[in-house]
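Visitor: I'd like to learn how to read a structure like this one. Could you walk me through it?

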Amino acid sequence: MEKIVSLCKRRGFVFLSSEIYGGFASCYDFGPLGVQMKNNIKESWWVEMTQIQENVVGLDSAILMSPKVWQASGHLTAGFADELIECKKCNRRFRYDQLEELTLKDIEEELEKEGTINIPEVLKSQGNEFRKKWRKCECGMIIKEGPRKFNLMMKTFVGPVEDEAAVTYLRAETCQGIYVNFNNILNTMRFKIPFGVAQIGKAFRNEITLGNFIYRTREFEQMEMQWFCHPQEADKFFDYWKEHRMKWYLGLGIKKENLRFKQVQKEELAHYARKAVDIEYKFPFGWKEIEGIHNRGDWDLSNHSKHSGQDLKYEGYYPYIIETSAGADRSFLTFLIDAFHEIKGGRTKTTKAVKEEEVVLKLDKKLAPIKIAVLPLVKNKPELVKKAKEVYELLKTHFVCQYDEVGSIGRRYRRMDEVGAPLALTIDFESLEKEDLTIRDRDTMGQERVKIEDLTEVLKEKLEN
Ligand code: GAP
């Protein structure tokens with residue numbers, strides 16, 4: 001992870017938010033290459049959902065909604081709360097499930113410290129209870145208070161008066177904007193069930209514990225699709241979308257062995273879900289969820305009907321909702337980690353390795369932030385620079401290109417490999433005579449000469465296949 005974080009900062013993918021003030025609450029900014037790559041991820045998801053899939057349309061609903069939405073959805077009640085414990089010694093807060101249970105031996109020692117008499121009997125009668133309730137903090141302190149519920153909704157005020165009447169919340173999931181627009185979409189699109197609505201946007205959660213870089217943050221982006229169907233077809237569509245979403249990650253190059261499904265157990269289901277499967281990725285910090293596929297049943301439409309007084313039934317029944325819910329930032333981290341390759345001693349065998357370790361980001365071409373590097377062989381030959389700039393001008397309206405003339409050509413190739421640019425074009429002395437250049441492939445390092453007049457077509461072919 002350290003290497004990923006360092007690459008992100010060094011090459012302009014991700015910066016700490018408010019860095020000049022020492023950072024802020026695990027918030028991050030996507031830099032020039034990061035925003036480009038995240039946009040590519042979102043674009044790929046959007047095209048897949050709203051263009052390639054049939055009967056799925058897009059929506060961009062407001063982040064701020066009536067607080068009644070969150071009453072109806074169950075997010076303001078116990079449903080959307082984590083269990084929190086607080087250490088009185090080091091003043092840190094933890095999610096209850098993140099600290100390990102104590103062993104009976106730990107409890108015995110603690111009882112001894114407390115001066116408890118008849119420890120074996122106390123252990124026998126209350127041992128299990130203590131084990132459930134007590135946790136050991138990272139500082140060593142035993143926390144005995146047990147957890148309390150902590151709601152994750154981010155509160156804010158709308159308008160100039162900060163009183164209870166002005167309270168609302170930043171959305172905690174983008175999908176609620178879809179449910180409250182159910183009738184609008186049904187009527188304006190003249191849809192019949194089944195159909196889907198896709199949305200990409202920011203969501204906010206007052207997470208208790210963060211960490212692991214951009215894996216869990218308080219402000220993040222979701223890519224969610226809600227599929228409205230007949231209850232009897234819910235299982236069939238659940239399986240369809242589950243497989244479909246797995247294929248999306250595989251299709252964009254994530255290694256199969258690093259992905260798996262995890263069936264969510266009944267007691268771990270979110271308050272709205274009847275059934276759920278997570279897609280998990282093997283991060284350096286363990287297998288972790290990157291996307292959830294949920295059967296939300298009629299939870300959302302029936303609750304919004306009840307609370308709003310509007311009839312959100314379709315032909316007399318509440319459609320069931322199958323949801324696919326992915327994080328754009330988590331996907332970003334996943335693609336980055338999976339593409340990261342470090343080659344000891346470097347790949348070039350013809351020249352001495354410039355660095356002991358060479359990094360190649362083998363990103364799928366669709367996701368790479370820079371598609372093409374345009375490089376004059378050397379910068380102190382004006383005719384080469386002029387030609388290279390002409391090539392750059394020719395290409396820039398078709399592809400995301402970067403012109404670079406600083407440093408040796410070997411170094412520049414490695415800089416481009418490190419940010420995952422799939423192709424690098426080199427303009428050399430032969431180019432001046434023959435009106436051609438070399439195209440270098442990031443992964444194979446193979447080079448071929450191509451006429452400049454054919455260049456756009458050749459590059460399109462290479463980047464699209
Ligand atoms: N609408 C359903 C829903 O929001 P979720 O499992 O709570 O379900 C779905 O979240 C996805 O959103 C997660 O799999 C993850 O990719 C992303 N996500 C959730 N909380 C996040 C956080 N604090 N930071 C970054 N991504 C998060």
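Visitor: What share of the contacts between residues at least 6 apart in sequence join residues at least 24 apart?

Guide: A contact means heavy atoms within 4.5 Å. Here, among contacts between residues at least 6 apart in sequence, 65% join residues at least 24 apart. Keep in mind that this is a predicted model, where local features need pLDDT of at least 70 and side-chain atom pairs count only at pLDDT 80 or more, while totals for chains, interfaces and linings use all residues. Residues are numbered from 1 along each chain as its sequence is written, and side-chain values use heavy atoms, with hydrogens and water left out.

Visitor: How many helices and strands does the protein have?

Guide: Both are DSSP runs numbered from the N terminus: helices are H or I, at least four residues, and strands are E, at least two. This protein has 14 helices and 23 strands.

Visitor: Which residues are closest to the ligand?

Guide: A residue is near a molecule if one of its heavy atoms lies within 4 Å of it. The ligand has 22 residues around it, the closest being Glu173, Thr217, Glu224, Glu289 and Glu323. Strand S15 (286–297) is one of the strands that each supply at least two residues of that shell, and S15 gives the largest share, six residues.

Visitor: And what about polar contacts?

Guide: Look for a pair of N or O atoms within 3.5 Å. A polar side-chain atom of glutamate 323 sits 2.8 Å from a nitrogen atom of the ligand, and one of arginine 205 sits 2.8 Å from a ligand oxygen atom.

Key:
A polar contact is a pair of N or O atoms within 3.5 Å; within protein, one must be able to donate a hydrogen and the other to accept it, and residues adjacent in sequence count only if both atoms are side-chain atoms.
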